[in-house]
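Dear colleague,

Please find the structure below, followed by a summary of what was found in it.

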Amino acid sequence: MDLNLCLKVLDAEQIRQADQFTIKNEPIHSIDLMERASEEFVKWFVAEFSVDSPVVIFCGTGNNGGDGLVICRLLNEAGYMVSLFCVGNPDTGSRDFKINYDFIQNYDIPQTVIDSGNFPELSKGTIIIDALFGSGLSRPITGLIADLIHHLNGQPCAFRVAVDIASGLGCNERFEKGAIMTATHTVSFQVPKLSLLLPDNETHSGQLVIKSIGLIEEYVQSLSSSFYYSTEGFIKSFIRSRGKFLHKGTAGKNLIVAGSLGKIGAAVLASSACLRSGAGLLTVHLPACGINVLQGSVPEAMVIGDENDNIIGSIQSLSGFDVIGVGPGIGTEKITAEALSQILDQFDRPMVIDADALNILSENKKWIEKIPKGSVLTPHPGEFQRLVGNWDDDYERLDKQIRFCAEHELIVLLKGANSSICNSEGTVIFNSTGNPGMATGGSGDVLTGIITALLGQGYSGFESALLGAYLHGLSGDLFTKKNAEESLIASDLINYLPKAFRKVSQ
């Protein structure tokens, strides 16, 4: 696993240092680096939006505003109907801002300096480009610019595109008392910013696009960070090919414990995903009522019926299994909780724990100490909250995730957009694949099956969680290339797993 192949998540000061190092050592003038960044933004913008769309650019007087001025000029040259609004006195702007402001006076572009309440009314088809403040912001936005942001957030525009980061959103924090621009898209330069990866800030980040601007990579990699953003190259760095002499006994002996009356589908989905992810042998333990369903749906799996018809209440010998995935659809009945306790007492290899198994643990927190070290927990935010308690914001939630993993020596994959995967050393990698269509029942059961299979094939818990999350999201992305997000169901993820594996294995 080569973390250098991930995108490192840096704070504002580190980004400034990387800019300055590149300017000094490439060498390149700061104004030329600004031009380079703006060109990358415009390449993306031209591919995304029609030239017929009216574009209104709002610039502050710092270097983010300088980016906005260059973007304005380049879009004008590309044939877009561009209007420019500068907020504040251009004569007091940064050096690179003033150079670009003087240069743009040579263009026939409607320009307005906003120095009072002369805010524009915008039409529905308008695209706003936000270049007021960038990632270096260190305080809440108040006063005139705050009033402008509130005004623009209320305008019925088609899209709002942030340059590097939405104005008012801190790089590593959210300023609750200040104004923050809403965004449908953010084009972030070189590295993602932590705030852009957290659910609380969804309305201020929108669709995240990351564009390299040629900062010296060796220096970027030398900067310290515990946060990373996964890439296809990173996943390819540790995915393994299957050996010529591999056989079903060496490709993982997996046990999935899942299902209850009315939720046998959870067992079917987890089992199917496990087999599609390379499991050599799979046994499924489920209530007796689900035996015929499971054997008819997943004939490749062996089935053990519980002594109870409708719920799981007893577990037979666990010897011979390499990995256990437990939780999908099992319910939280007392007898099922006792069965989970029995598993934790008997099994000493890494496990995958999901769904109702996590809910049982939240009611029996002392049992967490019985979980084998290196196991993978896959909670959604509600399940995680029941395990660790409330938090005020996503930054505190992230801190709780890191502390939980360190205290118990476990891997936690906290599900959602940009799922965060944390190990016991405090390294957090945000997953870069997936889409809103995956917010559908059974999607988590599929993920459990994938990770269970990967653990059984000898991947570590951290590797299994990272690879599982990436493949899971990639399957969803491959589906939506040809189909609507709204049409995605959990079994589609299983159907697209072969293509996802092929893509990262090539």
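Isoleucine 489 counts as partly exposed because its relative accessibility is 46% (buried means under 20% relative accessible area, exposed over 50%, partly exposed in between, with a 1.4 Å probe and protein chains only). This residue sits in the loop between α16 and α17 (490-505); helices (H or I, at least four residues) and strands (E, at least two) are DSSP runs, numbered from the N terminus. Its C-alpha atom is separated by 9.9 Å from that of phenylalanine 479, ten residues apart along the chain.

This is a predicted model, in which local features need pLDDT of at least 70 and side-chain atom pairs count only at pLDDT 80 or more, while totals for chains, interfaces and linings use all residues. Residues are numbered from 1 along each chain as its sequence is written, and side-chain values use heavy atoms, with hydrogens and water left out.

Helix α16 (residues 461-480) packs against helix α15 (residues 443-456) at an angle of about 135 degrees, with the axes 9 Å apart (axes are lines fitted to C-alpha atoms, for helices over the stretch in contact, and angles run from 0 to 180 degrees between N-to-C directions).

Helix α14 (residues 394-408) has 15 residues. Its buried residues include Tyr395, Leu398, Ile402 and Phe404, and β16 (411-414) and α13 (381-388) are among the elements covering the buried residues. Glutamate 409, with a positive phi near 55 degrees, follows α14.

Yours sincerely

Conventions: Expected span 1.5 Å × (residues − 1). Contact = heavy atoms within 4.5 Å.
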